[in-house]
Amino acid sequence: QVQLVESGGGLVQPGGSLRLSCAASGSIFSIAAMGWYRQAPGKQRELVATITSGGSTNYADSVKGRFTISRDNAKNTVYLQMNSLKPEDTAVYYCNARKLLTVNYWGQGTQVTVSS
């Protein structure tokens, strides 16, 4: 099993920034990719950003140019730097790790609220 623990969420004003962290532990061998997903009230969970072990990234169109995903392989940690935050970014953000195409692990989620 892989355990994922998110941190860094909170309340921020529009235009502000937050950095989310996700630390992986347990059976962490052969993790091929990690990423961030989010779920707003009344909506389905959606992809925010992913990063592979080789550093390849992809982003949802809604966050391109504002969010940056990165990894610290030595610490088994993935980060999401969120800049120019908008109210529509408000959601619970979940960390994800994948070993194979169909083997996924999820964190408990961290709340991000963007409001004035």
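The model is predicted, and the values below are computed from its atoms.

**Overall form**

- From the N terminus on, the elements of the chain run β-β-β-β-β-β-β-β-β-β-β, and along its principal axes the C-alpha trace spans about 40 × 25 × 20 Å.
- A compact globule with 116 residues would have a radius of gyration near 13 Å, and the 13 Å of this chain agrees with that expectation.
- Of the 116 residues in the chain, 40% are buried, while the accessible surface comes to about 6100 Å², of which 49% belongs to carbon and sulfur atoms.
- When contacts between residues at least 6 apart in sequence are considered, 52% of them join residues at least 24 apart.

**The disulfide**

- The structure holds one disulfide, formed by Cys 22 and Cys 95, whose sulfur atoms are 2.0 Å apart.
- Both partners are buried, Cys 22 as well as Cys 95.

- The side chains of Glu 46 and Arg 38 meet in a salt bridge with an N to O distance of 2.8 Å; Glu 46 counts as partly exposed because its relative accessibility is 37%, whereas Arg 38, at 5% relative accessibility, counts as buried.
- Arg 38 also forms a salt bridge with Asp 89, in which the closest N and O atoms are 3.0 Å apart. This pair links distant parts of the chain, with Arg 38 in strand S4 (residues 33–39) and Asp 89 in the loop between strand S8 (77–82) and strand S9 (91–100), 51 residues apart.
- Asp 89 is itself buried, with a relative accessible area of 1%, and Asp 89 forms a further salt bridge with Arg 66, where the closest N and O atoms are 2.8 Å apart. Because Asp 89 lies in the loop between S8 and S9 and Arg 66 in the loop between strand S6 (57–59) and strand S7 (67–72), the pair ties together parts that are 23 residues apart in sequence.
- Arg 66 has a relative accessible area of 10% and is therefore buried, given that buried means under 20%.

**The hairpin of S7 and S8**

- S7 and S8 form a hairpin with four residues between them, and in the turn Asn 76 has a positive phi of about 50 degrees.

Methods
Residues numbered from 1 in each chain as written. Predicted model: local features only at pLDDT ≥ 70, side-chain atom pairs only at ≥ 80, totals over all residues. Heavy atoms only, no water. Salt bridge = Lys/Arg side-chain N within 4 Å of Asp/Glu carboxyl O. Buried < 20%, exposed > 50% of the residue type's maximum accessible area, 1.4 Å probe, protein only. Helix = DSSP H or I, 4+ residues; strand = E, 2+ residues; numbered from the N terminus. Pairing = 2+ DSSP bridges. Rg over C-alpha atoms; globule rule 2.2 N^0.38 Å. Contact = heavy atoms within 4.5 Å. Areas by Shrake-Rupley, 256 points an atom, 1.4 Å probe, with all protein chains shown as cover. Disulfide = S-S within 2.5 Å.
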